[in-house]
Amino acid sequence: MKFSMTIGDFSRATRLSAKTLRFYHQSGILEPATIDPANGYRLYDAGQIVDAQVVRQLRSLEVPVETVREILDTTDVATRNDLIAGHLTRLEVKLEATQAAVLALRGLLTGPTMPLQVEHRSVAPTPALVARQLIDLANLGEWYTAAHQALSESIATSGASQSGPRGGIWATSLFLEEKGEAALFVPVHTIDGIGAFPETIRAEILPAVDLAITVHRGPDATMAQTYGALGAYVTGHELGVDGPIRETYLQEAVDVLPEAVTEIGWPIFRTIR
């Protein structure tokens with residue numbers, strides 16, 4: 001014989017408020033076993049406690065109601081696991097973004113730990129293998145990962161000899177209008193006589209450029225502070241000219257080298273050569 005639980009008893013057993021249980025009923029993800037026709041009271045079976053606990057845990061992980069319904073409705077374990085895993089991946093991405101924002105804000109609150117050091121440098125024309133594309137700013141991370149891999153494959157298969165650390169060139173419009181040209185490059189000794197490489201890569205001579213350069217140490221999350229300081233320096237010295245920012249990745253963060261070291265180059269004019 002099954003015994004029904006009032007909404008009060010079910011609430012105590014599941015630690016879900018009556019308001020929440022009514023919302024889940026209306027949403028179709030945790031319906032009462034029966035509703036008393038005389039007084040409209042919701043009655044639950046003890047066997048529903050497990051379902052309620054599952055719902056409570058999923059919602060604590062910010063799983064949308066629609067996804068919770070899909071998870072509860074499916075009887076296929078693999079499908080259910082895929083739905084849960086997909087949401088966990090989205091949570092991990094969100095967590096990384098939150099941690100990056102916290103790190104950046106802490107950097108702004110504490111201020112720079114040492115004075116800005118800037119070098120004026122004339123960069124000669126540079127032969128390079130280049131991944132270049134017009135992209136939306138929102139897709140920069142995904143594009144960077146694919147371009148990085150394509151360049152690595154190109155160096156391995158083309159016979160080109162790398163002459164320095166890889167770098168990036170970012171058009172002003174990429175940030176100003178959230179759409180613009182992005183380029184990732186690997187400098188090489190020569191582009192003459194090199195072999196085949198992926199169609200997304202081309203061999204170019206990057207033009208000469210004069211740059212005001214400073215070094216950023218740390219993750220991308222704190223790079224905006226260094227960009228801001230360099231921009232203020234260039235503006236204060238009335239040196240800025242139109243042109244893309246050029247970054248050089250002196251040390252890319254990996255498991256054994258957790259701190260990234262990036263040169264940021266702001267285009268300037270030089271009055272003395």
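Author: Start with helix H3, where Ile49, Ala52, Val55 and Leu58 are buried. Buried means under 20% relative accessible area, exposed means over 50%, and partly exposed lies in between (1.4 Å probe, protein chains only). Helices (H or I, at least four residues) and strands (E, at least two) are DSSP runs, numbered from the N terminus. An α-helix has 3.6 residues a turn, so residues three or four places apart point the same way.

Two notes before we go on. The model is predicted: local features need pLDDT of at least 70, side-chain atom pairs count only at pLDDT 80 or more, and totals for chains, interfaces and linings use all residues. Residues are numbered from 1 along each chain as its sequence is written, and side-chain values use heavy atoms, leaving out hydrogens and water.

Now check the length of H3. This helix covers residues 49-60, which makes 12 residues. After H3 comes Glu62, with a positive phi near 65°.

Where do nonpolar side chains gather? In soluble globular proteins, nonpolar side chains tend to be buried together. A nonpolar core is a set of buried Ala, Val, Leu, Ile, Met, Phe, Trp, Tyr and Cys residues joined through side-chain atoms within 4.5 Å. The largest core here has 27 residues, and Leu129, Trp143 and Trp170 touch the most other members. Five elements are listed as giving it two or more residues: S5, helix H6 (140-158), S7, helix H8 (223-236) and strand S10 (245-251). H6 supplies the largest share, five residues. Look at Trp143. Its contacts (heavy atoms within 4.5 Å) include Ala131, Arg132, Ile135, Trp170 and Leu184, leaving aside residues up to four places away in sequence.

This brings us back to H3. Ile49 and Val55 are two of the buried residues in H3.

S2 and S3 (residues 42-45) pair over two antiparallel bridges (strands pair if DSSP finds at least two bridges between them). Across that pairing, Ile35 has Arg42 in S3 as its bridge partner. Leu43 lies in S3. This leucine touches residues including Ser4, Met5, Thr6 and Pro32, not counting those up to four places away in sequence. Leu43 and Gly8 are 35 residues apart in sequence, yet their C-alpha atoms are 9.4 Å apart.

Now turn to S9 (residues 209-217). S9 pairs with S4 in the antiparallel sense over five bridges. There, Arg121 stands opposite Leu211. S9 also pairs with S11, again antiparallel, over seven bridges. In that pairing, Arg217 faces Val261.

Last, the charged side chains. There are seven salt bridges (a side-chain nitrogen of Lys or Arg within 4 Å of a carboxyl oxygen of Asp or Glu). Glu263 forms one with Arg121, their closest N and O atoms lying 3.1 Å apart. That pair links S11 (residues 261-267) to S4 (residues 119-123), across 142 residues. Glu263 counts as buried, at 12% relative accessibility. Arg121 is partly exposed, at 25%.

Arg132 and Glu181 also meet in a salt bridge, at 3.0 Å from N to O. Arg132 is in S5 (residues 126-136) and Glu181 in S7 (residues 179-187), so this pair ties together parts 49 residues apart in sequence. Another salt bridge joins Arg202 and Glu204, at 2.9 Å. Arg202 is partly exposed at 43%, whereas Glu204 is buried at 16%. Through salt bridges with shared partners, Arg132, Glu181, Arg202 and Glu204 form one network.

Conventions
Expected span 1.5 Å × (residues − 1).
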